[in-house]
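Visitor: Could you take me through this protein model slowly, one feature at a time?

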Amino acid sequence: MTTIERVERDVQSAMQAVRALGDRTTGTLTAIEHDLWVALLGVGRAVIALYLTKQAARPRAAQYVHDGLAYVLDAHSRRKSEVGTRFGKVLFCRPIGRAVGVRHRADLPVDRELGLCSAFSLGTVTTVVQLCALMAFASARELFAQFHGWAPSTRSTLRMVDAVGARAKAFLDAAEVPDDDGTIIVIQVDGRGAPMISSTEHARRRQPKRKTKGTRRLARRLRRLDHPKPRRKKGDKSKNAKVAFVGVVYTLKQTRHGWEGPIHKRLYATFESHEALFQRLLPIAKRRGYGRKPSYFIADGAEHIWRNQQKYFPDATPCVDWYHVAEKLWEAGGCLHPEGSQALREWVDEQLAKLRKGQIPRLLADLAAAYNAIPKTGPGNKGRRKRLFSILDYLAKHDQRMPYATLRSSELDIGSGAVEGAVRNLVGLRLDGPGMRWGRDRAEMVLQLRCIVLNGQWNSFCESLERTALKLAATPIPARTHDAKPQLARALPEAA
């Protein structure tokens with residue numbers, strides 16, 4: 001019996017096992033459902049094995065050229081290994097190509113023709129990576145195993161994330177502009193920190209584990225005794241965070257009922273720097289009409305953001321997030337009136353009314369008068385003057401970025417809620433989990449992959465991977481450490 005005939009018989013046996021489940025007279029639906037799923041996976045493995053066997057047996061040229069090297073198929077040697085598929089692992093035996101005249105590693109032409117990613121199908125790789133973009137690696141492997149009956153190792157999972165993640169950024173930056181885009185462009189930027197592994201912790205993890213005869217609990221206790229955590233100094237960051245800089249680009253479309261949107265909201269992010277994010281956002285915004293369409297830029301009061309806005313998006317109308325300014329006014333009111341009092345609420349409402357009407361100079365003048373009315377001496381006066389001066393300085397810096405009256409009259413956005421929600425969903429829910437410590441390179445890859453998932457572009461991304469060969473590296477990328485700098489408190493100047 002030939003190999004193909006034997007595999008065909010395996011397919012028939014697997015089909016008969018599925019059919020037999022329908023004749024079962026005992027057992028609950030849950031049990032039948034479980035057994036049927038296992039049997040269907042068995043059918044899938046058998047069919048995949050038949051397909052691979054026929055592909056390996058297909059006639060091919062005895063000699064061929066690949067990457068500039070001449071190869072000859074070795075008729076006496078075949079590579080036998082398991083291939084991880086979405087139905088399980090399947091044994092695959094195929095011919096080997098030997099380089100002619102030079103010492104070079106063997107070539108596997110059938111693997112290349114079938115689009116195998118090392119020892120896995122592309123569908124397996126993309127499914128695992130998509131789950132890793134949505135949840136912790138261990139949870140992703142467990143969920144994959146629930147539906148597919150097996151899961152790649154932790155090491156293989158990291159290799160998959162590294163290979164696919166390396167292509168995510170280029171895909172995001174080159175994605176086509178939607179045809180039915182809106183007529184107004186809105187750009188929002190914000191950031192959030194994710195915990196990184198420090199050089200000290202990385203060096204400790206690389207040390208050989210201490211062997212103990214007791215329980216794992218005892219081993220953890222001994223490790224804590226060997227490496228006690230020092231008390232944090234003032235300014236030290238508890239989670240050694242690196243900020244992820246996030247940008248959101250979307251459009252608004254005019255309808256007879258008003259503005260419709262956000263339309264085609266897209267998330268972009270990086271751990272590199274604010275400027276690296278803006279350098280990516282500019283060509284994307286230009287493709288969507290920046291420079292030709294009315295554009296608005298909304299963010300909080302971070303100086304780095306507005307410095308880059310002036311450099312990369314000078315033609316966009318700037319707007320400081322309304323809610324950040326409102327919180328500043330509540331803080332300022334707390335320096336003038338008791339917390340929770342009716343006077344405080346009335347004072348804040350009065351100042352917010354000035355903001356809505358565009359009376360920014362009057363607002364600043366009233367705050368300056370309130371500041372000067374606080375005596376320089378007396379219980380708590382120094383602190384109140386300091387806080388109020390800081391708020392006054394903040395508002396004065398952004399007085400040209402508060403076009404709330406104009407935007408509200410046109411029913412346009414005045415808040416950065418889109419990017420704040422994106423930051424929480426993109427970074428907080430995946431990269432800022434309890435106990436997580438990321439290497440900088442893999443954190444960047446997961447960040448890009450998660451952007452693709454949240455943008456609804458995953459299927460298009462997988463199609464782009466099918467058009468090019470995807471190879472997994474032999475080993476995962478080593479973790480690159482990050483040591484956060486202490487955040488030093490800056491003294492605020494006292495007004496004259």
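What follows is a set of questions and answers on a predicted model.

Visitor: Is Leu40 buried, partly exposed or exposed?
Guide: Leu40 is found in helix H2, and it is also one of the residues that make the nonpolar patch. Buried would require under 20% relative accessible area and exposed over 50%. Because its relative accessibility is 40%, Leu40 counts as partly exposed.

Visitor: How are the rings of Phe297 and Trp306 arranged?
Guide: The structure holds 14 aromatic pairs, and in the pair of Phe297 and Trp306 the ring centres are 5.4 Å apart while the planes stand at 65°. A pair counts as edge-to-face when its planes are over 60 degrees apart. The angle of 65° therefore makes the pair of Phe297 and Trp306 edge-to-face.

Visitor: Which residues form the aromatic cluster that holds Phe297 and Trp306?
Guide: Both Phe297 and Trp306 are buried, and they belong to one cluster of aromatic residues. Its members are Phe278, Tyr290, Phe297, Trp306, Tyr312 and Phe313.

Visitor: Over which ring does the charged end of Arg385 sit?
Guide: Two contacts between a charge and a ring can be described here, and in one of them Lys328 lies over the face of Tyr394, at 4.7 Å from the ring centre. For Arg385, the charged end is 4.3 Å from the centre of a ring, and that ring belongs to Tyr371.

Visitor: Where is Asp67, and is it buried or exposed?
Guide: Asp67 has a phi near 55°, a positive value in a residue other than glycine. Its place is in the loop between strand E1 (63-66) and strand E2 (69-85). Because its relative accessibility is 68%, Asp67 counts as exposed.

Visitor: What is the phi of Ser118?
Guide: Ser118 lies in the loop between helix H3 (109-114) and helix H4 (122-134), and at 32% relative accessibility it counts as partly exposed. Although Ser118 is not a glycine, its phi is positive, at about 60°.

Notes: Residues numbered from 1 in each chain as written. Predicted model: local features only at pLDDT ≥ 70, side-chain atom pairs only at ≥ 80, totals over all residues. Heavy atoms only, no water. Patch = residues over 30% accessible without salt bridge, like charges linked within 9 Å, V, L, I, M, F, W, Y side chains within 5 Å. Areas by Shrake-Rupley, 256 points an atom, 1.4 Å probe, with all protein chains shown as cover. Salt bridge = Lys/Arg side-chain N within 4 Å of Asp/Glu carboxyl O. Helix = DSSP H or I, 4+ residues; strand = E, 2+ residues; numbered from the N terminus. Buried < 20%, exposed > 50% of the residue type's maximum accessible area, 1.4 Å probe, protein only. Phe/Tyr/Trp six-rings, centres within 6.5 Å; stacked < 30°, edge-to-face > 60°. Lys NZ or Arg CZ within 6 Å of the ring centre and 35° of its normal.
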